[in-house]
Every structure is written in structure tokens, then in C-alpha cells.
Amino acid sequence: MLSPFDGVPPTSPGNRSVLVIGAADPHRDRMANALARTNVSVHATSSLPLPVNPERQRMDFVVVMIDLARISTFVEAKEILAKWIHPEYFSLGKVSLVLMQGDSLQSVDMRQIRELTEHYEIRSHFMTATEERETAEAIMRLVNLTSCTTNFLNPMFFANMQ
């Protein structure tokens, strides 16, 4: 299970690490690249658990990607959230969903997405093919808030915001 306190701590306070989980496709890669341009360390994977690596940096934030045109990505995301991410990530506000909306018809019912976000108390962001930069910026605001890199706020305050 991925825990917010596992892994090697950052070498300096400003170093943050984001894990992007999603099917190995251009959407995930564009999101990872957009996040990398914001000066964070980005790790992309298609599934959890991650291989054991004592040198792996601690993950400060987790982004789970769901392609709304493919129900299988929703099922995988639901399993990942339930089985592989430690509850402290949720209580600290360190998990976010990115919902990709392409040209295909939507297969995932938005009520299911709403139930998932309410159950885990996580935020969701919509991303189209042309909005990855804006989505990355929104996620980085959450990363900065939850990793105490924004003045005057700490993760516990953010986690209790409703």
C-alpha cells in the first residue's frame, strides 16, 4: 500500500514528487509532462503497487486518471483507491482525480464519479486534449497546499476544508 510517509524524504523543502496513475496512453503522458514543467518530480505508472525500491522518493501527491470514454479506467481507478492508497493520503488532501474527456462518447456515469469523490473526499478535474497545462496548474496548487509550500497553510487545515 502506498503511504504518504514511505520513501526517501526530499533533499530540500521545495522538492515535491507527484505520482500519476493511469492507463499508458497519451493522456497520462501529456499530464505527466505538463506537471514536470512545473518543477516537480513526476512518476507515471499504469498500476499499483509500485515495485519495491528503497531509493524511491516519497510521493507527495497522487493523481489518478480516468478516461470517461473507457469504463475500464474507472474500474481500475476505483480498485487503486480502495486497495493501494493509504487512507492518510485522503485525509491530508493528497489525492486528485483527472477526468479526461475526449471526442468519444462518454461511458462512465458521472454519478459514479461523484460517489467516488464523495466517498474518498477527493477533488476532481476535467481535462481535454488542449487543457493539460491548466489542469496541471490546478493540481500544482493542491500539491503546494498539501505539502506546506504555501505560506500560512498546512495540510491539516486543507484536509478539513469542506
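**Salt bridges and a helix pair**

R111 counts as exposed, because its relative accessibility is 52% and the cut-off for exposed is over 50%. Its side chain meets that of D109 in a salt bridge, with 2.7 Å from N to O. Please keep in mind that this is a predicted model.

**Salt bridges across the structure**

- Side chains of opposite charge can pair when their charged atoms come close.
- A search of the whole structure turns up 8 salt bridges.
- D109, the partner of R111, is partly exposed at 30% relative accessibility.
- D25, D67 and R70 are joined in a network of salt bridges.

**The pair R28 and D29**

- R28 and D29 form a salt bridge through their side chains, at 3.5 Å from N to O.
- R28 has a relative accessibility of 11%, so this residue counts as buried, given that buried means under 20%.

- E79 is partly exposed, with 38% relative accessible area.
- K83 is partly exposed too, with a value of 45%.

**How helices α2 and α4 pack**

- Two packed helices are described by the angle between their axes and the distance between the axes.
- Helix α2 covers residues 71-83 and helix α4 covers residues 110-120.
- The two helices pack at an angle of about 10°, and their axes lie 12 Å apart.
- Angles under 35 degrees count as roughly parallel, so α2 and α4 are roughly parallel to each other.
- On the α2 side, the contact is made by I71, F74, K78, L81 and A82.
- On the α4 side, Q112, I113, L116 and Y120 take part.
- Sorted by class, the contact of α2 with α4 has 7 nonpolar residues, 1 polar residue and 1 charged residue.

Terms used:
Residues numbered from 1 in each chain as written. Predicted model: local features only at pLDDT ≥ 70, side-chain atom pairs only at ≥ 80, totals over all residues. Heavy atoms only, no water. Axes fitted to C-alpha atoms, helices over the stretch in contact; angles between N-to-C directions. Helix = DSSP H or I, 4+ residues; strand = E, 2+ residues; numbered from the N terminus. Parallel < 35°, antiparallel > 145°, perpendicular 65-115°, else oblique. Contact = heavy atoms within 4.5 Å. Nonpolar A, V, L, I, M, F, W, Y, C, P; charged D, E, K, R; others polar. Salt bridge = Lys/Arg side-chain N within 4 Å of Asp/Glu carboxyl O. Buried < 20%, exposed > 50% of the residue type's maximum accessible area, 1.4 Å probe, protein only.
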